[in-house]
Amino acid sequence: MSTATTSKLPVATGIALTALDEGFRENPYPTLADLREREPVHYDSELKRYVLTRHHDVHAVLFDLEQWSDPRRANPDTFTSLFLGRDGEEPSMLMMDDPDHKRLRGLVRRSFTPRAAEGWREKVRGVSERLLAEAPDEPFDLVAAVADPLPTMVIAEMLGLAPGRHQELKTWSSVSAESGFNPMPTPEQETAANAAQKALDAFFCEEIERRRGNLGDDLISDMLRAEEAGERLSEREILQQCNLLLIAGNVTTTDLIGNSVKALIDFPDEASKLRRRPELLANAIEETLRFDSPVVNSGRVASSDTEIGGVPIAKGESLSVSLAAANRDPRVHAEPDRFDVERQGIQHLSFGGGRHFCLGAHLARIEAQEAVRAILDRFGKLTLAEAGYRYGATPSFRGFEVLWVAPEHG
Ligand code: HEM
């Protein structure tokens with residue numbers, strides 16, 4: 001599947017390269033392999049962006065500290081400019097350049113180091129085991145039972161949010177992500193996202209107020225402390241940080257857990273190997289990140305006239321880097337379409353790179369490891385249940401809305 005096709009048809013472009021297209025949503029990899037071999041630097045004239053699919057090029061762009069992320073610097077009518085705050089709002093740090101990006105990331109960086117994330121493992125394990133203990137013995141939707149609740153419960157604790165509102169938070173953040181990370185939301189999605197955003201803002205405003213004069217040991221309190229210590233940080237920025245942490249860490253980690261389980265169902269020999277050798281767990285999660293990345297593409301804005309792979313690209317144009325295609329580039333990963341929990345030298349780009357490298361990468365790894373560990377411990381074997389699965393249709397993300405599994409006890 002990863003070999004070049006000899007087709008004389010034009011390569012896929014535009015919507016056909018997004019989860020809005022049914023075929024791409026179901027299995028994007030043959031399309032991406034074809035693009036990578038025939039037009040690795042492809043100008044998508046429908047969505048006005050350059051789509052990069054080779055590992056070498058994607059890596060180079062992500063780690064090039066000169067490239068911009070702020071959509072306000074993109075040429076009008078390009079793909080990136082579609083992300084411009086619909087009501088004129090400042091973008092979050094994900095789409096900011098220095099010095100603001102550095103300042104905002106610096107405020108929360110310490111809470112997400114590998115060591116800090118490791119400090120959450122016991123708690124994550126406890127939550128995972130509790131969720132699995134509540135899972136039924138008959139076919140169930142793994143997304144609703146485990147993959148959906150776990151990340152919200154964890155980040156809510158880190159932010160020090162009142163317990164008992166996880167379901168609301170999950171719903172608001174999912175609805176907001178459907179539009180916020182989607183350059184082409186429908187009017188209905190925009191209306192729903194605006195309402196969800198209002199609800200989230202009101203919720204976080206209350207949480208901020210509750211802490212003023214009574215700071216605790218949580219991330220919101222840390223940000224308020226920084227504000228009191230004279231950092232330039234507006235209440236609006238604290239709100240945005242809370243929103244980003246909730247939204248960026250939610251859908252993505254849910255998707256990683258679902259994609260891990262699906263890969264283990266599709267490759268039962270690998271699942272058996274993992275059961276026999278649990279020390280492979282961390283590598284198995286890295287392999288899932290490579291094999292089926294929850295974030296399909298990230299982006300930058302060309303900061304000067306440049307050339308990539310012999311293709312000239314003008315300043316201000318959108319560079320859409322396909323993490324999913326890069327991860328399956330056979331130049332870097334042999335037999336890229338094989339899921340191999342023992343694979344050595346994994347160089348996936350699923351957490352991006354450079355200044356914007358995913359802040360929550362270590363936390364996400366721990367959550368996925370503990371969720372999969374709990375699933376393997378609870379069930380002898382999992383197969384796909386008759387009710388099947390459905391992929392989400394938000395461009396840039398890849399993961400399940402529902403994934404019905406049938407357990408057998410071990
Ligand atoms: C499997 C789960 C996750 C995946 C695949 C993922 C992926 C990504 C990617 C691709 C980026 C953009 C990187 C770039 O363009 O260079 C990113 C940025 C970010 N992620 Fe994650 N993420 C995950 C989980 C999380 C979690 C759990 C959190 C926090 C709780 C989080 C917080 C962030 C933040 C704050 C940024 C922006 C960083 C910046 O701009 O400096 N992510 N993530």
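Helices here are DSSP runs of H or I with at least four residues, strands are runs of E with at least two, and both are numbered from the N terminus. The structure is a predicted model, in which local features need pLDDT of at least 70 and side-chain atom pairs count only at pLDDT 80 or more, while totals for chains, interfaces and linings use all residues. Residues are numbered from 1 along each chain as its sequence is written.

Counted in this way, the protein has 17 helices and nine strands. Its radius of gyration, taken over C-alpha atoms, is 21 Å, close to the 22 Å that the globule rule gives for 410 residues, so the protein is as compact as a globular protein of that length; the rule itself is 2.2 Å times the number of residues to the power 0.38. Along the principal axes, the C-alpha trace spans about 65 × 55 × 40 Å. A residue is called buried if 20 or more other C-beta atoms, placed from the backbone, lie within 10 Å of its own, exposed if there are 12 or fewer, and partly exposed in between; by this count 44% of the 410 residues are buried. Two residues are in contact if their C-beta atoms, again placed from the backbone, lie within 7 Å, and of the contacts with a separation of 6 or more, 72% are between residues 24 or more positions apart.

A residue is near it if the C-beta atom, placed from the backbone, lies within 6 Å, and 27 residues surround the ligand, the closest being Gly249, Thr252, Gly352, Cys358 and Gly360. At least two residues of this shell come from each of helix 12, helix 13 (251–266) and helix 17 (361–378). Ala, Val, Leu, Ile, Met, Phe, Trp, Tyr, Cys and Pro count as nonpolar, Asp, Glu, Lys and Arg as charged, and the others, Gly among them, as polar; the shell then divides into 16 nonpolar residues, 10 polar ones and one that is charged.

Helix 12 (residues 235–248) also packs against helix 10 (residues 187–211), at an angle of about 115 degrees and with the axes 10 Å apart. The axes are lines fitted to C-alpha atoms, for helices over the stretch in contact, and the angle is taken between N-to-C directions on a range from 0 to 180 degrees. From helix 10, Leu200, Asp201, Phe204, Cys205 and Ile208 meet Glu235, Ile238, Leu239, Cys242 and Asn243 of helix 12. By class, this contact is made up of seven nonpolar residues, one polar residue and two charged residues.

Which residues does Glu178 contact, leaving aside its neighbours within four places in sequence? Glu178, which is found in helix 9 (residues 166–180), is in contact with Gln189, Ala193 and Thr394. This glutamate is buried, because 22 other C-beta atoms lie within 10 Å. Val321, in strand 7 (residues 318–322), is likewise buried, with 25 other C-beta atoms within 10 Å. Not counting residues up to four places away in sequence, Val321 touches Leu52, Val58, Val61, Leu62, Asn297, Ser298 and Gly299. Although Val321 and Leu52 are 269 residues apart in sequence, their C-alpha atoms are 4.9 Å apart in space.

Asn27, in the loop between helix 1 (22–26) and helix 2 (29–38), counts as exposed because it has 11 C-beta neighbours inside 10 Å. Arg275 lies in helix 14 (residues 268–276) and, with 15 C-beta neighbours inside 10 Å, counts as partly exposed.

Some details of the backbone complete the tour. The peptide bond from Asp98 to Pro99 is cis, with omega near 5 degrees, and Pro99 is placed in the loop between helix 3 (55–63) and helix 4 (100–109). Ser396, which is not a glycine either, has a positive phi of about 85 degrees. The loop between strand 8 (381–391) and strand 9 (400–408) holds Ser396, and this serine counts as buried, with 20 C-beta neighbours inside 10 Å.
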